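Hi there,

Here is the structure I promised to pass on to you.

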Amino acid sequence: MKLNFSKDEFVDLLHLHLCSNYSFTIEQLEKYKALLDWKEVSTNQVMDWNYELLKKFEHYLDWKVLE
């Protein structure tokens, strides 16, 4: 089966999927915060959304999506 995506389209899809489905650690979020799509991260349901994480990244998170 061959995918009909350009390399850029594939990278974009991979990035979106990773942001919304990967259980990032606080260290990973800190390291990659400039590269992440925070709206997608805010939709992530597999992460451990604890107080420390929410407080540390409160200015990056999309609170409307997170609610």
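**What turned up**

From the N terminus on, the protein chain runs α-α-α-α-α. That comes to five helices and zero strands, where helices (H or I, at least four residues) and strands (E, at least two) are DSSP runs numbered from the N terminus.

Please keep in mind that this is a predicted model: local features need pLDDT of at least 70, side-chain atom pairs count only at pLDDT 80 or more, and totals for chains, interfaces and linings use all residues. Residues are numbered from 1 along each chain as its sequence is written, and side-chain values use heavy atoms, with hydrogens and water left out.

On overall dimensions, the C-alpha trace spans about 45 × 25 × 15 Å along its principal axes. Of the 67 residues, 21% count as buried, meaning under 20% relative accessible area, with exposed over 50% and partly exposed in between (1.4 Å probe, protein chains only). Among contacts (heavy atoms within 4.5 Å) with a separation of 6 or more, 34% come from residues 24 or more positions apart.

Now to one residue. Phe10 lies in helix α1, residues 7-21, and counts as partly exposed because its relative accessibility is 42%. Together with Phe5, Val11, Leu13 and Leu14, Phe10 forms a nonpolar patch on the surface, with about 460 Å² of accessible area (Shrake-Rupley method) between the five.

Best wishes

Technical notes: Patch = residues over 30% accessible without salt bridge, like charges linked within 9 Å, V, L, I, M, F, W, Y side chains within 5 Å. Areas by Shrake-Rupley, 256 points an atom, 1.4 Å probe, with all protein chains shown as cover. Salt bridge = Lys/Arg side-chain N within 4 Å of Asp/Glu carboxyl O.
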